[in-house]
Amino acid sequence: MRNLGLDVLLKGTNMLRLLEGLWVSLRISLIAVAVSIVLGLIIGSIMTGKNVIIRAVTRLYLEIVRIMPQMVLLFIVFFGTTRVFGINLDATAASIIVFSFWGTAEMSDIVRGALISIPKHRYESAAALGLSKVQTYVHVIIPETLRRLIPLSINLVTRMIKTTSLVMMIGVVEVLKVGQQIIEANRKSSPNAAFGVYLVVFVLYYIACRPISFLAGRLERKWS
Amino acid sequence: MDLEVMKEYMPLYREAFFLTMKIGWIGILGAVIIGFAAAVVRLLKIPVLHRILGAYIELFRNTPLLVQLFFLYFGLPKLGLSISAPFCGALGLMLLGGAYMAETFRSGFEAIPVLQTETARALGMSKFQTTVHVLLPEALSVSMPGFTANMIFLLKETSVFSAISLMDLMFTAKDLIGLYFRTVECLTLLVVFYLFLLLPVSILGSIVERRVRYAEFGA
């Protein structure tokens with residue numbers, strides 16, 4: 001059988017290094033998701049308010065994030081800030097800023113969607129049953145909103161993990177970059193390493209994302 | 001900001017813009033075809049193919065395009081399957097987009113109540129007529145928002161093409177920044193050209209979405 005280059009991964013600590021590389025991008029995405037959920041909840045609830053200026057500003061923010069590729073945002077923050085403000089931002093910090101910025105927009109859109117999808121008669125029925133305003137929110141509105149919110153936010157986690165693979169392009173040493181290093185280091189001894197290593201990276205991403213998107217799908221079906 | 005410099009860079013960006021545009025739209029077209037075919041196969045539950053396509057959709061929906069491209073462009077040649085960079089870019093986009101589109105179309109078809117099929121059959125329409133005049137228009141109408149979202153998503157994903165050394169907008173910007181250090185001008189042009197690429201799709205998409213919303217009525 002032809003050498004598929006999978007043997008490289010068994011040499012030394014190569015597999016461990018690859019997993020460490022995956023953790024680098026996973027950590028960035030987890031931090032960004034945490035920030036996005038907190039800020040997204042706040043901005044999302046603000047967006048349902050009546051203030052015209054706030055609505056226009058948040059709408060503009062959402063549209064910018066929706067249209068601009070995340071790569072462009074990464075370049076602007078990573079290269080642009082250094083040039084304009086003279087701040088030397090390291091690549092990991094730049095990625096966390098960009099992905100939080102992006103995630104917050106996505107999250108606030110999800111929150112807004114969940115909030116406005118609650119029909120008005122829910123509030124009215126609760127009031128008619130004699131529930132106070134606090135009781136209405138605690139027992140009726142918040143549980144219902146959460147049911148719509150949770151599957152979509154879990155989905156955001158997988159999207160975040162997939163998107164953070166881009167950080168390699170501004171020089172963060174994550175799983176793809178480590179893979180490249182391993183391939184280069186073993187060019188002589190196993191010339192087919194590129195196939196094996198990239199296949200494993202592909203599978204690693206699948207293993208990381210699949211359970212999460214499965215959970216999101218299950219919850220969505222269960223609660224809808 | 002130096003406008004003269006920007007004018008000088010324009011032709012390079014324009015070339016990159018058309019390349020991105022070309023590969024992007026070929027990819028999207030392929031994605032629509034693959035996605036529609038996959039959705040139909042999945043709905044009809046054609047024995048073996050149904051499972052294979054299910055695995056394909058799961059695999060490509062749960063991995064990033066960058067990793068897919070690395071595998072296709074650097075991994076496959078080791079097995080003797082060499083492909084050119086533009087073809088690889090379009091292929092990656094088709095495979096990724098196909099998986100997303102398949103799910104969108106499928107949820108569109110699944111959203112139609114059984115009542116619609118039964119009513120059409122009761123009115124004396126043949127199975128073929130029911131599909132063409134009732135099911136298809138309704139399913140497409142329901143999946144329209146998802147469809148435009150996918151289109152924007154795929155056009156945005158083209159920004160990773162520079163990783164397989166395609167001379168797209170990202171590549172041009174990075175190259176010029178590295179050569180002349182005109183960071184602000186290069187990034188401004190980058191944003192402007194991406195707006196050219198995506199704004200029309202976004203605007204047209206929301207107009208079309210509003211026009212074809214008929215399936216909601218009477219539901």
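Between chain A and chain B, 9 residue pairs are in polar contact, both partners being at pLDDT 80 or more. The model is predicted. The interface of the two chains holds 1 salt bridge. About 3,600 Å² is buried between chain A and chain B.

**Extent of the interface**
- Contact involves 37 residues of chain A and 38 residues of chain B.
- Carbon and sulfur atoms account for 75% of the area buried between chain A and chain B.
- A:Ile67, A:Phe195 and A:Phe202 lose the most area on the chain A side, together 19% of what that side buries.

**Salt bridge and the chain A side**
- The salt bridge pairs A:Arg210 with B:Glu58, and their closest N and O atoms are 2.2 Å apart.
- Helices H2 (52-67), H3 (70-85), H7 (175-185) and H8 (193-223) of chain A each give two or more residues to the side that touches chain B.
- H8(A) gives the most, with 11 residues.
- By class, the chain A side that touches chain B has 25 nonpolar, 6 polar and 6 charged residues.

**Helix packing inside chain B**
- Helix H1 (residues 3-44) packs against helix H6 (residues 127-157) in chain B at an angle of about 145°.
- The axes of these two helices lie 12 Å apart, and their crossing is right-handed.
- H1(B) contributes B:Gly24, B:Trp25, B:Ile28, B:Ala31, B:Val32 and B:Phe36.
- These meet B:Leu136, B:Phe147, B:Met151, B:Leu154 and B:Leu155 of H6(B).
- The H1(B)–H6(B) contact comprises 10 nonpolar residues, 1 polar and no charged.

Terms used
Residues are numbered from 1 along each chain as its sequence is written. Chains are lettered from A and ligands numbered from 1 in the order in which they are written. This is a predicted model: local features need pLDDT of at least 70, side-chain atom pairs count only at pLDDT 80 or more; totals for chains, interfaces and linings use all residues. Side-chain values use heavy atoms; hydrogens and water are left out. Axes are lines fitted to C-alpha atoms, for helices over the stretch in contact, and angles run from 0 to 180 degrees between N-to-C directions. Helices (H or I, at least four residues) and strands (E, at least two) are DSSP runs, numbered from the N terminus. A crossing is left-handed if the near helix is turned anticlockwise from the far one by less than a right angle, and right-handed if clockwise. Contact means heavy atoms within 4.5 Å. Ala, Val, Leu, Ile, Met, Phe, Trp, Tyr, Cys and Pro count as nonpolar, Asp, Glu, Lys and Arg as charged, and the others, Gly among them, as polar. Buried area is the accessible area (1.4 Å probe) that two parts lose on being put together, summed over both. A salt bridge is a side-chain nitrogen of Lys or Arg within 4 Å of a carboxyl oxygen of Asp or Glu. A polar contact is a pair of N or O atoms within 3.5 Å; within protein, one must be able to donate a hydrogen and the other to accept it, and residues adjacent in sequence count only if both atoms are side-chain atoms.
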